[in-house]
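Here are a few exercises to work through with the model open beside you. Try each task before reading its solution.

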Amino acid sequence: MIGAYVIAALLIKPEPMIPFREDSDQEFYDSYINSKGLALQRLKRTFDNLERRIRRMESIVTARDYDWNNALTKSRDRPLTQS
């Protein structure tokens, strides 16, 4: 009986429990079933691209914030002139 379960597990193709919403989900699933290594490379590439975009956004936001704080500090430290 255990042998039958092992053989069935090796022969039966796993199917997703939830239907796919988009064609890209189906494409990824098919690529994962056919080649797990390629699917993992695709995931890594996607997350690397996302990380690069987030770093770029953070550098833009923090640069503006730094400039704003620097300008406020300089204007606060400057003595007021009287006319």
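Helices here are DSSP runs of H or I with at least four residues, numbered from the N terminus. The model is a predicted one.

**Exercise 1. Find how many helices and strands the protein chain has, and where confidence is lowest and highest.**

Step 1: The protein chain has 3 helices and 0 strands, which run α-α-α from the N terminus on.

Step 2: The mean pLDDT of the protein chain is 80, and 89% of the residues score at least 70.

Step 3: Confidence is highest in helix α1 (residues 2–11), at 87, and lowest in helix α2 (residues 23–34), at a mean of 80.

**Exercise 2. Work out what percentage of the residues is buried, and which residues make a nonpolar surface patch.**

Step 1: A residue is buried under 20% relative accessible area and exposed over 50%. Of the 83 residues in the protein chain, 2% are buried.

Step 2: The accessible surface is about 8,300 Å², and carbon and sulfur atoms hold 60% of it.

Step 3: I2, V6, I7, L10, L11 and I12 make a nonpolar patch of about 710 Å².

Step 4: Take L11 as one of these residues. L11 sits in helix α1, and its relative accessibility is 69%, so it counts as exposed.

**Exercise 3. Locate the salt bridge of E27 and say which helices its two residues lie in.**

Step 1: Side chains of opposite charge can pair when their charged atoms come close.

Step 2: The side chain of E27 meets that of R42 in a salt bridge, at 3.8 Å from N to O. E27 belongs to helix α2 and R42 to helix α3 (residues 36–77), so the pair ties together parts that are 15 residues apart in sequence.

Step 3: E27 is partly exposed, at 48% relative accessible area, and R42 is partly exposed too, at 26%.

Methods. Residues are numbered from 1 along each chain as its sequence is written. Side-chain values use heavy atoms; hydrogens and water are left out. Buried means under 20% relative accessible area, exposed over 50%, partly exposed in between (1.4 Å probe, protein chains only). Accessible areas come from the Shrake-Rupley method with a 1.4 Å probe; for residues, only the protein chains shown count as cover. pLDDT is the predictor's confidence in each residue, from 0 to 100. Patches are made of residues with over 30% relative accessible area and no salt bridge: like charges are joined within 9 Å, nonpolar side chains (Val, Leu, Ile, Met, Phe, Trp, Tyr) within 5 Å. A salt bridge is a side-chain nitrogen of Lys or Arg within 4 Å of a carboxyl oxygen of Asp or Glu.
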